[in-house]
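Subject: Handing over a structure

Dear colleague,

I am passing a protein structure on to you, and below it you will find my notes on what turned up. Please read them with the model open beside you.

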Amino acid sequence: MSNPLAAGSLDGKRVLVTGSSRGIGADTVGYFAEAGASVVINYRNKEARAAKIANAIRENGGQALIVGADLTDPESVQAMFDRVNAELGGLDVLVLNASGGMESGMGDDYAMTLNRDAQVNVLKGALALLEPGSRVVFVTSHQAHFIRTTPTMPEYEPVARSKRAGEDALRAMLPELDAAGIEFVVVSGDMIEGTITATLLERMNPGAIGSRRESAGKLYNVSEFAAEVASAAIDPIPANHTRYVGDISDFDQSEE
Ligand SMILES: NC(=O)c1ccc[n+]([C@@H]2O[C@H](COP(=O)([O-])OP(=O)(O)OC[C@H]3O[C@@H](n4cnc5c(N)ncnc54)[C@H](OP(=O)(O)O)[C@@H]3O)[C@@H](O)[C@H]2O)c1
């Protein structure tokens with residue numbers, strides 16, 4: 001997948017992508033850096049992987065900072081923003097990409113803690129760094145976005161409900177964001193081929209990926225979906241603040 005952002009189009013811009021040490025976040029941060037932005041790669045505990053991504057960006061002439069922070073730990077989040085402020089003086093784009101809830105041994109409420117409470121806390125913490133004209137992008141799945149109207153796989157349901165709760169809580173901040181001149185867009189995609197989550201769900205529901213691919217006509221891969229997330233940071237924002245990636249005709253849109 002080629003970079004949807006033109007070279008130099010983000011010169012001077014500062015972008016933080018949460019959970020960018022792997023998967024969709026890692027590819028997204030790569031597109032921003034190639035377009036000239038100074039990027040902040042956030043990771044939870046995979047420092048070596050984050051450092052590898054940052055080194056590759058620097059070798060290509062880009063600018064990257066890696067900052068470890070467990071987003072469910074408010075002190076760790078504050079320390080991340082203090083560092084970003086000290087190094088970059090602010091942010092032009094914040095991508096809320098990090099997500100989870102299917103990890104084992106994390107406690108029953110972990111999905112809500114990460115996908116709702118931590119997202120709100122991260123955005124609140126970022127407000128001091130986001131200037132008028134900046135943009136926040138929240139990444140989610142169709143299975144989560146439409147969970148109130150369209151059932152999903154039982155193993156994914158707690159994650160879907162928590163991600164939708166997070167999306168709702170962020171949308172509730174729209175008046176405050178508007179007043180501060182900060183734009184907000186949700187990017188929603190179907191199952192993404194090649195991700196750990198999709199692979200896990202396929203293992204528990206054999207045929208799940210094939211049947212979604214057949215129904216949707218096409219499933220995006222990591223680099224294709226990351227290109228949509230990166231584009232969402234600069235493209236005009238749809239009236240309902242939602243950028244749907246791929247076909248949504250199988251999902252009940254009565255609440256859209
Ligand atoms: N996978 C799909 O099929 C799919 C479909 C549609 C939408 N999406 C959305 O796309 C986004 C990225 O998905 P993905 O599949 O690429 O995710 P992933 O491979 O599970 O990566 C998650 C990222 O989040 C980080 N992370 C997890 N818990 C964290 C915490 N407590 N604090 C800080 N960082 C944390 C991880 O860091 P470490 O590596 O350090 O643990 C990793 O960088 C998510 O919002 C997801 O809902 C995914």
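**A salt-bridge network and its surroundings**

Aspartate 168 counts as partly exposed, since its relative accessibility is 28%, where buried means under 20% relative accessible area, exposed means over 50%, and partly exposed lies in between, with a 1.4 Å probe and protein chains only. Please keep in mind that this is a predicted model, in which local features need pLDDT of at least 70 and side-chain atom pairs count only at pLDDT 80 or more, while totals for chains, interfaces and linings use all residues. Residues are numbered from 1 along each chain as its sequence is written, and side-chain values use heavy atoms, with hydrogens and water left out.

The side chain of aspartate 168 meets that of arginine 148 in a salt bridge, at 2.7 Å from N to O; the term stands for a side-chain nitrogen of Lys or Arg within 4 Å of a carboxyl oxygen of Asp or Glu. This pair links distant parts of the chain, with aspartate 168 in helix H6 (157-171) and arginine 148 in the loop between helix H5 (142-145) and H6, 20 residues apart. Helices (H or I, at least four residues) and strands (E, at least two) are DSSP runs, numbered from the N terminus.

Arginine 148, which is partly exposed at a relative accessible area of 43%, also forms a salt bridge with glutamate 255, at 2.9 Å from N to O. Here the two partners are 107 residues apart, as glutamate 255 sits in the segment after strand E7 (242-245), and glutamate 255 is itself partly exposed, with 47% relative accessibility.

A further salt bridge, again at 2.9 Å from N to O, joins the side chains of arginine 171 and glutamate 167. Both of these residues lie in helix H6, four residues apart, or about one turn of the helix, and both are buried. Through shared partners, salt bridges join Arg148, Arg164, Glu167, Asp168, Arg171 and Glu255 into one network, and the structure holds 17 salt bridges.

Arginine 171 turns up again around phenylalanine 184, whose contacts (heavy atoms within 4.5 Å), leaving aside neighbours within four places in sequence, are Val136, Phe138, Leu170, Arg171, Leu174, Leu177, Ile237 and His241. Phenylalanine 184 belongs to strand E6, residues 183-189, and is buried, with a relative accessible area of 1%.

Most residues other than glycine have a negative phi, yet histidine 241 has a positive phi of about 60 degrees.

As for the whole protein, its secondary structure comes to ten helices and seven strands. Its radius of gyration of 17 Å agrees with the value near 18 Å that a compact globule of 256 residues would have, where the radius is taken over C-alpha atoms and the globule rule is 2.2 Å times the number of residues to the power 0.38. Buried residues make up 51% of the 256 residues, and among contacts between residues at least 6 apart in sequence, 74% join residues at least 24 apart.
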